[in-house]
Amino acid sequence: MAKTGTATKGLRAAIERSGYYPALVAEAVEAAVGGEPVSAYLVHQETTFDANEVRRHVTVLVLTDSRFIVSHTDEQAADTTSPTPYATTSTESVKLARISSVVLSRVVGNPEAYTAGSLPREVVLTVGWGAVSRLDMEPATCGDPNCDADHGYTGSATADDLSLRVSEAGDGPETVRQALDFAQALSEATAAGPEA
């Protein structure tokens, strides 16, 4: 992951290395970035299994001085809406001031033997900016097992705009390190608090 200078060239090279429709993905990302210099980026390709189909998709995260850009590209097999396979690419640009949370969860094997600087087995980066929220509701209780009164409902709202999982087994140690570096850069950028 590049930080300065050739970051835009490094981003394009990372997209090309992923091998996942590089011309399509690069064009979408570069259009979203515009003329801004790239501070940090992460390219993550994932393969999933859906019944008897293998599906690939790529997520590209880009940090500039003022924005967090998310690009996601999915491929689809031919279906009733299209006689040929197709891909869908979307980009979202979020002002850094809008990001409300950056959560990094680390999974570490044998935590009693952990040494500082060791790579976790996997990391999950969750970023919230208020576009998508999840509401979990359940009946409220008073704690008395014999009470049959209606206590209404209780719940929690969770920002869930982006969640990206990277594992050493599936993606390799270098991608885990890049995810950690990107998460740190994003966290530092949001803490700096650019003007809204």
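1. In strand β4, E92 is the bridge partner of V70. Strands here are DSSP runs of E of at least two residues, and helices are runs of H or I of at least four, numbered from the N terminus. β3 (residues 67–76) and β4 (residues 86–95) pair in the antiparallel sense over 10 bridges; two strands pair if DSSP finds at least two bridges between them.

2. This is a predicted model, in which local features need pLDDT of at least 70, side-chain atom pairs count only at pLDDT 80 or more, and totals for chains, interfaces and linings use all residues. Residues are numbered from 1 along each chain as its sequence is written, and side-chain values use heavy atoms, without hydrogens and water.

3. The chain has a mean pLDDT (the predictor's confidence in each residue, from 0 to 100) of 87, and 90% of its residues reach 70 or more.

4. β3 also pairs with β2 in the antiparallel sense, over 7 bridges. These two strands form a hairpin with 2 residues between them, and L61 stands opposite V70 of β3. Of the 10 residues of β3, 7 are buried (under 20% relative accessible area, with exposed over 50% and partly exposed in between; 1.4 Å probe, protein chains only).

5. In helix α1, the buried residues are A7, G10, L11, A14, I15 and S18. Seen down the axis of α1, they fall within an arc of 140°, so they line one face of the helix; the arc is that of the directions from the helix axis to the C-beta atoms. On the other side, K9 and R17 are exposed.
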